[in-house]
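Here are a few exercises on charged side chains and helix packing. Have the sequence and the model open, and try each task before reading its solution.

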Amino acid sequence: MSILTGILRLRQICCHPELFVSGQKLTSGKLELLKDVVKTALAGGHRILIFSQFRKMLDIIENELAQQGISAFTITGDVPIQERVDICERFNCGEKKVILVSLKAGGTGINLTGADTVIHYDPWWNPAVTDQATDRAYRIGQTRAVQVIKLASHGTIEEKILRLESKKRALADDIIKVNSKTIGNLTDREIMSLFDI
């Protein structure tokens, strides 16, 4: 459990230090990059779907975008199903140019063909979950090419997990679900490589 907690904390720090240490004014290079990507995409006439696993990260992103005059819809697990459908319809009809979605809420049952740019702020380590979320923009009715962007902090656990993903595609989801079989199949060297920065 301490290894899993350590991995979660390292992932949170990669996203934004405030996820780990709240109540302080801290900055994040990754958030600054996201703001640049969003600004460039909007200037090019694109509409954007941003995913994050962390609800608090979505709040931080929404606040930062609002400070730049960019209004966004947000869908999390707290939003009732019918309201999610309503938000999706409003977004797909052109209301607002950015929608923020938690990975869990965006996994199934919503159609976001109004977006042609999908950004995974903190890529989920299970590619099947990431692909399922991305598919929200590829539903029937999509008429434009969709660009998918995954952000990962350089030289961090995010990069290492993404590299391991190709070797053991089920690693991330199993770690998060505390699947002892997968953890038991990892060598000591593989486990320690997650913390080797």
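A salt bridge here is a side-chain nitrogen of Lys or Arg within 4 Å of a carboxyl oxygen of Asp or Glu. Lys and Arg count as positive and Asp and Glu as negative, while His and the chain ends are not counted. Buried means under 20% relative accessible area, exposed over 50%, and partly exposed in between (1.4 Å probe, protein chains only).

The model is predicted, with local features needing pLDDT of at least 70 and side-chain atom pairs pLDDT 80 or more, while totals for chains, interfaces and linings use all residues. Residues are numbered from 1 along each chain as its sequence is written, and side-chain values use heavy atoms, leaving out hydrogens and water.

**Exercise 1.** Describe the surroundings of R84.

Solution. Start with the place: R84 sits in helix α4 (residues 81–92). Helices (H or I, at least four residues) and strands (E, at least two) are DSSP runs, numbered from the N terminus. Next, check the charge: R84 is buried but has no salt bridge, and D78, the nearest side chain of opposite charge, is 7.4 Å away. Finally, list the contacts (heavy atoms within 4.5 Å). Leaving aside residues up to four places away in sequence, R84 touches I75, T76, G77, V79, A105 and I110.

**Exercise 2.** How many salt bridges does the structure hold? Examine the one between E158 and K30.

Solution. There are eight salt bridges. In the E158–K30 pair, N and O are 2.7 Å apart. E158 belongs to helix α6 (residues 157–167) and K30 to helix α2 (residues 29–43), so the pair ties together parts 128 residues apart in sequence. Both E158 and K30 are buried.

**Exercise 3.** Work out how α2 and α3 meet.

Solution. Take the axes (lines fitted to C-alpha atoms over the stretch in contact, with angles from 0 to 180 degrees between N-to-C directions). Those of α2 and α3 come within 11 Å and cross at roughly 55 degrees. Then name the residues: L31, L34, K35 and V38 of α2 meet M57, I60, I61, E64 and L65 of α3. To finish, return to charges: E32, K35 and E64 are linked in a network of salt bridges.
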